[in-house]
Amino acid sequence: MPSDPDKTRTRGIADNRDETGRPAPSPAALPNLSEELTAARDVMIDRHLAGRDITDEAVLGAMRRVRRDLFIPESVRVYSYDDTPLRIGCGQTISQPYVVAFMTQTLRLEPGMRVLEIGTGSGYQTAVLVELGAEVFTIERHDDLSLAAEHALDRLGYGDRVTMRVDDGTLGWPEEAPFDRILVTAAGPKVPSRLTDQLADGGRLLIPVGEHRGRQDLVLVTKTGDTLNREEILPVSFVPLVGADGF
């Protein structure tokens with residue numbers, strides 16, 4: 001179905017950067033991270049990420065800097081840095097930190113890459129991608145979630161490198177293609193051909209593929225010329241990908 005231009009929120013890629021090139025904090029004062037959550041964040045990084053197979057120092061640094069507690073409902077904020085998914089409303093979840101880190105590491109991002117994210121959700125994964133220097137185009141089908149994510153991203157100073165749309169993510173974003181990387185954060189019955197068509201030569205696409213409620217595998221698709229290589233790399237459990245090329 002065609003996109004509704006009124007549901008696309010666009011920002012310029014501009015000047016909201018600090019001297020390191022990372023997003024600068026927004027003017028609004030942010031609450032300090034409590035001692036308890038600081039300790040929990042350190043455990044998350046050291047035990048659940050670096051203590052497993054997350055070896056990319058840039059990814060670990062991004063995961064340490066992005067305030068996961070500010071992307072989730074206050075009612076579950078005490079669990080912000082537990083290595084577990086959490087409900088964020090509209091039947092959706094924020095992925096467990098290990099899965100966010102694993103998927104980000106697998107993308108092999110480089111600064112300046114254009115990334116299409118299918119499933120904005122809370123905006124947390126979006127922020128991690130921006131921390132690594134990506135220009136992110138992100139699609140969410142729930143308007144309430146998209147608005148909440150927009151607020152969180154702006155509050156933390158990430159908004160200037162994010163373009164948002166409320167739409168059917170399985171259709172991709174053809175007018176902005178091609179993309180160096182495509183990340184899908186919901187599980188579909190197959191890899192949507194519309195998304196592989198929008199992947200740049202040399203690009204990488206990650207998507208959970210499997211049953212609506214059953215076995216799913218994280219699939220990595222790499223594109224070389226007209227050739228697509230597919231590899232199943234990790235068993236996962238994600239909410240269903242809903243849309244024309246989904247469930």
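1. Strands here are DSSP runs of E with at least two residues, while helices are runs of H or I with at least four residues, each numbered from the N terminus; two strands count as paired if DSSP finds at least two bridges between them. Within this pairing, L205 has V221 of strand 9 as its bridge partner, and the hairpin formed by strand 8 and strand 9 has 5 residues between them.

2. The model is predicted, so that local features need pLDDT of at least 70 and side-chain atom pairs count only at pLDDT 80 or more, whereas totals for chains, interfaces and linings use all residues. Residues are numbered from 1 along each chain as its sequence is written, and side-chain values use heavy atoms, with hydrogens and water left out.

3. Strand 7 (residues 179–184) runs parallel to strand 8 and is joined to it by 4 bridges, with F179 standing opposite L199 of strand 8. Of the 12 residues in strand 8 (residues 199–210), 10 are buried, where buried means under 20% relative accessible area, exposed over 50% and partly exposed in between (1.4 Å probe, protein chains only).

4. L86 lies in strand 2 (residues 86–89) and is buried, with a relative accessible area of 9%. Leaving aside neighbours within four places in sequence, L86 is in contact (heavy atoms within 4.5 Å) with residues including R68, I72, Y79 and I94.
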